[in-house]
Amino acid sequence: MTKELRRLSIVMLVMFLALFGSTSYIQAIHADALHENPHNRRALYDSFEVQRGSILAGDAVIATSVPSGDLYSWQRTYADAPMWAPVTGYINPVLASVTGLEQAMNSELSGTSSTQLLSRLERVISGQPPRGSNVVLTLDPVAQRAAYDALQGYQGAIVAMRPTGEILAMVTSPSFDTNTLASHDTDAVETAYQQLVDDPANPLYNRAIGGDLNPPGSTFKLVVAAAALASGQYTPDSMIPNPATWPLPGSNSLVYNSDNGTCGPGASVSIADALRLSCNIPFAQLAVALGNDAIRAQAEKFGFNTSFELPIESAPSSYPRLSDDARVALSGFGQGDVTATPLQIAMVSAAIANGGVTMNPRMVEAVVAPDLSSRTEVESTQFQRAMEANIAAQMTAMMVRDVSDGAASGATIEGIDVAGKTGTAERGEDDPYTVWFTGFAPAASPEIVIAVMIEDGGGMGQQATGNEIAAPIAKKVIEAVLGR
Amino acid sequence: MTADTAASDTSMLTALRRLRMPQTQRNRELGLLLFAFAINAGAIALVQWGTNGVIDGSFLYYCGGLSALVLVLHIVLRIRARDADPFVVPIATVLTGLGIAMIYRLDIAEELTGWGAYSTRQLVWAAIAITAAIVVVIFLRNYRVLFRYTYLFGLAGLLLLLLPFVPGLGTDANADVWVQVGGLFSFQPGEIAKIALAIFFAGYLVRTRESLASVGTRFAGMTWPRARELGPVLVVWLASLGIIVLQRDLGTGLLLFGMFVAMIYVATGKTSWVIIGVTMIVAGAFVASRFLPYVSARFDNWLDAFNPDLIDNSSMQLVSGIFGLAEGGVLGTGLGRGRPDLTPLAESDYIFPSLGEELGLVGVFAILCLYMVFTSRGIRIGIAGQDDFGKLLATGLSFMLALQVFIMVGGVTRVIPLTGLTTPFLAAGGSSLVANWVIVALLLRVSDAVRSRPRVVIG
């Protein structure tokens with residue numbers, strides 16, 4: 001019996017060893033993976049207790065958490081909610097939905113990013129409750145307010161930034177109140193959300209960096225001109241034939257200039273004048289001459305076909321491969337297959353203003369630890385060199401004349417050299433035009449780069465022009481920023 | 001031996017008894033008991049501090065009664081069973097105390113107080129259980145008397161198992177194992193039946209071990225029993241399957257059959273019995289998983305617990321327990337600081353993951369080691385004992401406990417499919433607590449007899 005008993009005791013030992021093993025696996029080896037499992041409610045409830053960091057723009061606190069006394073511990077509150085909505089997005093723990101910067105900077109705001117590990121440990125040891133870091137933005141409340149006020153009543157977006165990539169303002173209209181979607185009252189949130197989704201004006205779209213992309217229209221001529229100058233075969237004074245109408249290669253369709261006439265007097269026109277007067281026919285010919293590859297290469301140096309992490313992800317603006325010369329011709333004046341976001345068009349101007357270097361756009365200035373002990377600054381980084389500095393100077397000069405003596409006169413400001421370019425884009429055959437303005441000021445040492453896009457013709461249908469609608473809006477924002 | 005010698009032996013024994021011999025075992029036990037009381041008190045205090053931030057008067061209420069009763073048991077042992085094993089009672093005390101602390105913690109989380117609280121009921125049942133143990137220790141002076149009533153215990157065990165089917169007594173719970181008396185309290189007779197059946201198995205095997213260990217056909221290097229010896233084993237197997245099918249109590253069926261196979265192997269020494277037994281278990285499990293829907297559901301949950309289809313319905317409890325364990329990590333969240341209440345039935349089926357969440361892997365290892373030591377004491381009695389009945393009984397009870405812990409903890413950690421057994425001493429459940437303390441009393445009695453009997457020296 002004794003021998004059997006000893007064997008039996010070994011069996012029992014093995015059983016217990018199996019249990020030691022399985023519990024070790026769950027509680028030590030596999031514990032982190034289990035913690036990350038989306039079905040793990042404990043991890044979720046733990047995250048609720050963290051006091052989320054605030055989001056600041058300049059001196060303004062635009063998103064902050066206040067104690068809420070319910071299961072979720074904190075209520076996220078937004079200041080000037082519709083104005084800052086495209087920037088902050090919203091976070092709703094009840095519905096587990098998060099958008100905008102709340103999502104893109106979630107790790108830092110909730111204190112769970114790997115760089116915050118040491119401070120987390122410190123807090124555990126000292127027994128303090130967990131907190132997230134604050135995020136300071138590059139956005140300027142003055143610029144944001146000016147842009148938001150100027151955009152009221154229109155459907156569109158404005159992006160204002162520095163030539164080195166820091167975004168000063170990002171506004172979309174119509175917008176929505178993020179506080180209603182951040183509420184803990186599930187029924188109220190669902191009703192509000194459904195209303196927003198059903199709204200035909202799509203207030204949930206961030207038209208500055210996404211949504212339904214529009215053709216850039218004549219603002220794309222900046223890209224074509226840059227491509228022409230960069231090729232070495234053209235200068236601003238190179239002459240292009242100047243007919244009043246021009247057939248698209250291989251088709252019966254005709255291209256017209258905006259006033260249905262020629263581009264100024266004369267049988268041919270310079271690139272500088274064609275840009276200044278914003279004529280379609282010279283640029284159509286130029287596009288065909290340069291070819292799809294050259295224009296696409298130039299466009300991609302400005303950031304086309306690329307998605308940027310602001311850290312919010314922007315939709316890529318599109319300049320595709322085109323095999324058909326007719327389509328290339330159309331793309332020469334920003335129609336056809338070209339689509340762009342206001343951010344992208346602003347980046348075109350920013351590259352020109354920045355001596356020819358396209359910088360990565362960014363919204364975050366710094367991440368600050370909750371006890372102010374550390375401040376991690378974000379540096380501006382270079383995307384690509386779009387053109388040589390001397391060509392950038394030539395482009396600047398052309399754009400200054402465009403405002404002072406050309407089709408973008410609506411943006412003239414007394415005493416300041418404003419460089420600019422308007423755009424008036426056709427969408428569908430019967431649809432109202434989308435109007436644009438992009439530019440920077442002061443031209444010599446730019447402090448602000450701006451792109452304004454108004455969909456829906458600004459209420460003027462197919463009578464709308466960029467100069468009449470978009471340019472004055474840009475002027476207001478530039479004045480607000482420069483005038484302080 | 002002449003009457004004179006016998007009389008003088010007895011008088012010598014009585015004289016020896018009157019000598020003030022140091023009660024080594026009992027002193028050891030007292031030291032361990034004081035340590036156990038401290039652990040229990042500490043657990044209750046931490047629960048109160050962790051949940052409310054203050055320790056209040058009700059603290060004494062939770063650990064005082066238990067400690068007092070265990071002290072009474074200790075005193076009874078000093079008088080009646082001096083040489084009983086010193087580890088068994090302290091371990092049982094710590095486990096019971098930890099169980100009560102965790103159940104109390106869960107009551108706080110669920111905001112249950114008074115008679116609605118599980119901890120109050122558990123305290124009452126603990127009192128009943130320890131009292132039952134005291135009674136057994138006092139009145140069962142010689143455990144061999146159980147041997148006389150082998151078949152009676154077998155019958156009693158079977159009747160107790162069948163009790164829930166008596167109309168008017170049975171309740172409509174998930175598994176048909178509950179009996180309700182006067183609508184006041186519910187009881188699982190199956191828990192007591194297990195002890196009765198263990199006594200029956202031990203007695204039966206002692207009586208028939210000769211024929212069971214006899215010559216049979218040799219095959220593959222082992223002696224296989226003859227067909228007629230298989231008869232009783234088949235009966236037990238069918239009875240276990242019957243329990244599983246009719247009462248839907250997977251765990252008890254598995255436990256009974258496992259205990260029987262272990263005891264028959266120890267009694268006969270023939271490995272062939274083990275192979276037959278294991279094959280029957282596997283075959284039974286296979287058949288059950290195919291033909292019984294709730295069994296196949298358990299198998300699905302075991303193999304594929306994190307499948308998105310199952311994770312929100314049938315495997316939700318199992319997965320929640322596992323998440324809780326993971327949340328505890330190595331050091332645990334601390335008593336009162338975790339969220340064990342997120343798992344349904346956290347005070348009964350999932351008491352172990354609840355403790356694991358708050359005490360961590362360290363606590364889990366400690367509890368498993370306590371169980372290991374407890375069951376090893378039983379095996380030790382088996383090895384040291386002189387008569388086969390005592391050896392088999394101690395072995396059977398210890399192995400049953402170890403198997404029960406394995407089945408339960410293995411189920412919640414996905415080593416095997418989950419069944420409906422209770423975790424001994426820890427889980428909220430009066431019948432299980434009473435049964436386990438009766439096992440404690442039996443082990444005390446057998447160990448006392450083993451130690452105090454003078455060893456036979458031949459030659």
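Tutor: Gladly, and let's start with A:Asp337, which is partly exposed with a relative accessible area of 23%. One caution: this is a predicted model, in which local features need pLDDT of at least 70 and side-chain atom pairs count only at pLDDT 80 or more, while totals for chains, interfaces and linings use all residues. Residues are numbered from 1 along each chain as its sequence is written, chains are lettered from A and ligands numbered from 1 in the order in which they are written, and side-chain values use heavy atoms, with hydrogens and water left out.

Student: Why is A:Asp337 called partly exposed?

Tutor: Buried means under 20% relative accessible area, exposed over 50%, and partly exposed in between (1.4 Å probe, protein chains only). A:Asp337 has 23%, so the label is partly exposed. A:Arg327, at 40%, counts as partly exposed too.

Student: What makes A:Asp337 and A:Arg327 a salt bridge?

Tutor: The term requires a side-chain nitrogen of Lys or Arg within 4 Å of a carboxyl oxygen of Asp or Glu. Here the N to O distance is 2.9 Å, so the pair qualifies. A:Asp337 lies in the loop between α15 (325-331) and α16 (342-353) of chain A and A:Arg327 in helix α15, so the bridge ties together parts 10 residues apart in sequence. Helices (H or I, at least four residues) and strands (E, at least two) are DSSP runs, numbered from the N terminus.

Student: How do you know that A:Arg76 and A:Glu102 are buried or exposed?

Tutor: A:Arg76 has a relative accessible area of 4% and A:Glu102 has 0%, so both are buried. Their side chains meet in a salt bridge at 2.8 Å, N to O. A:Arg76 sits in strand β3 (residues 74-78) and A:Glu102 in helix α5 (residues 100-104) of chain A, so this pair ties together parts 26 residues apart.

Student: Which residue forms a salt bridge with B:Glu358?

Tutor: B:Arg105, with the closest N and O atoms 2.6 Å apart. The pair links helix α15 (residues 351-384) and helix α4 (residues 88-110) of chain B, 253 residues apart. Both B:Glu358 and B:Arg105 are buried.

Student: What makes β17(A) and β18(A) a pair of strands?

Tutor: Two strands pair if DSSP finds at least two bridges between them. 7 bridges join β17(A) to β18 (residues 434-441), so they pair, running antiparallel. Among the bridge partners are A:Gly420 and A:Gly439, the latter in β18(A).
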